[in-house]
Amino acid sequence: MRARRQGRRAGLVAVLALLLVGASAGPAAAHAIGTGTEASNYRTRILAIDQAVPGISVRTVAGGQLELTNRSSEEVVVLGYRLEPYLRVGPAGVFENQRSPSTYTNRFRTAPADIPSEFDPKAAPEWRRVGDGPTAAWHDHRAHWSSPDPPAVKASPGVAHVIAPDWQVPLRQGDRTMVVHGAITWVPGPSPWPWALIALALFVAALAAAGGYRRPKVLAAVALVAVAADMVHTAGALLVSTAPFAAELYGTVTSAAGWALAALAAWRLLRGRADSGLLYLLLGGVFLTLAGALPDLPALGRSQLASAFGSVVTRAAITVTLGLGAAMVAAGIAGFRSPRRAEPAGVS
């Protein structure tokens with residue numbers, strides 16, 4: 001009877017955790033690599049800038065965004081998709097034209113079919129300050145691929161393909177027009193299956209080492225290692241993110257909740273408080289698995305990852321979080337379903 005009650009309690013806790021993660025689905029999605037950007041097999045490169053002047057540079061940053069830095073004494077205007085003024089970048093900061101159709105279009109990962117009438121390329125610009133420095137980063141649909149895979153990629157996905165050999169973004173400085181040229185290339189990603197097998201091995205090894213749920217010291221170590229892995233993953237994304245601070249903070253909410261719960265679980269387990277320790281372990285594992293690892297699973301099989309720590313470290317961090325986070329969930333549920341609790345912290 002007691003085991004049945006504990007099973008029901010475990011089920012209720014798991015449902016609560018799932019509801020909490022579901023309620024924070026926005027932050028969980030924003031945790032994806034690049035703080036809202038997604039891993040991809042499409043690589044964007046800058047080839048040249050026609051009529052370039054000293055002090056002006058353009059590069060690609062996280063998620064295929066473009067970043068323009070203007071250290072010259074004169075402002076540069078980025079022209080939008082209809083050649084309307086879109087951004088002003090210069091010594092006074094960065095300004096965005098609120099009437100530009102590009103302003104509306106660039107709010108979406110995929111270009112919308114319809115644009116509201118108030119965004120008019122012929123209207124007088126209405127400038128709003130969006131940055132203090134001489135650098136602007138923006139999501140430009142001319143410089144990344146968001147359409148379905150082209151026929152060449154579908155026919156030979158394991159081979160590199162040049163998808164767009166010469167995309168162009170025009171800039172204007174006074175009477176001078178500069179053109180940024182670039183290319184988009186399909187770069188095949190690695191197989192995700194070795195990483196999936198490693199995650200499964202970590203899951204099995206963690207549960208075996210913990211005796212399912214009976215060794216609190218092992219469970220505490222599992223929780224702390226899972227937190228460390230997700231912190232590495234998140235830090236790598238934040239270090240290359242160009243998103244505003246508020247967006248970065250929003251994107252780490254659910255992961256931070258998982259870190260706190262897992263750390264609390266480790267503390268309670270090491271103090272011999274099995275009941276509360278297993279509860280926090282279960283909750284922390286759900287957050288780390290569903291909010292920390294699952295949104296970024298595509299990164300295991302994609303070639304273009306936005307992280308300061310490189311692709312191998314990023315994939316390893318996601319894999320460790322997934323395997324150990326799932327083990328935390330399983331151990332928490334198993335502990336609640338059994339009338340026997342974890343051994344005291346001093347018992348090996």
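Modeller: Let's start with a pair: Val 77 stands opposite Arg 88 in E5. Mind that this is a predicted model, where local features need pLDDT of at least 70 and side-chain atom pairs count only at pLDDT 80 or more, while totals for chains, interfaces and linings use all residues. Residues are numbered from 1 along each chain as its sequence is written, and side-chain values use heavy atoms, leaving out hydrogens and water.

Biologist: OK, how do E4 and E5 pair?
Modeller: E4 and strand E5 (residues 85-90) are antiparallel, over four bridges. Strands (E, at least two residues) and helices (H or I, at least four) are DSSP runs numbered from the N terminus, and two strands pair if DSSP finds at least two bridges between them. E4 and E5 make a hairpin with five residues between them, and Leu 83 in the turn has a positive phi of about 65°.

Biologist: Which residue in E9 is the bridge partner of Val 77?
Modeller: That's Arg 172. E4 and E9 (residues 161-173) run antiparallel, joined by two bridges.

Biologist: And which residues of E4 are buried on each side?
Modeller: Val 76 and Val 78 are buried on one side, Val 77 and Leu 79 on the other. Buried means under 20% relative accessible area, exposed over 50%, partly exposed in between (1.4 Å probe, protein chains only). In a regular strand the side chains alternate between the two faces of the sheet.

Biologist: New topic: how many salt bridges are there in the whole structure?
Modeller: The search finds six, a salt bridge being a side-chain nitrogen of Lys or Arg within 4 Å of a carboxyl oxygen of Asp or Glu. One of them joins Arg 59 and Glu 67, with the closest N and O atoms 2.6 Å apart.

Biologist: Is Glu 67 buried or exposed?
Modeller: Glu 67 counts as buried, at 14% relative accessibility. Arg 59 is partly exposed, at 48%.

Biologist: Last one: where does Phe 309 lie?
Modeller: In the loop between helix H9 (274-293) and helix H10 (310-337). Phe 309 is partly exposed, with a relative accessible area of 35%.
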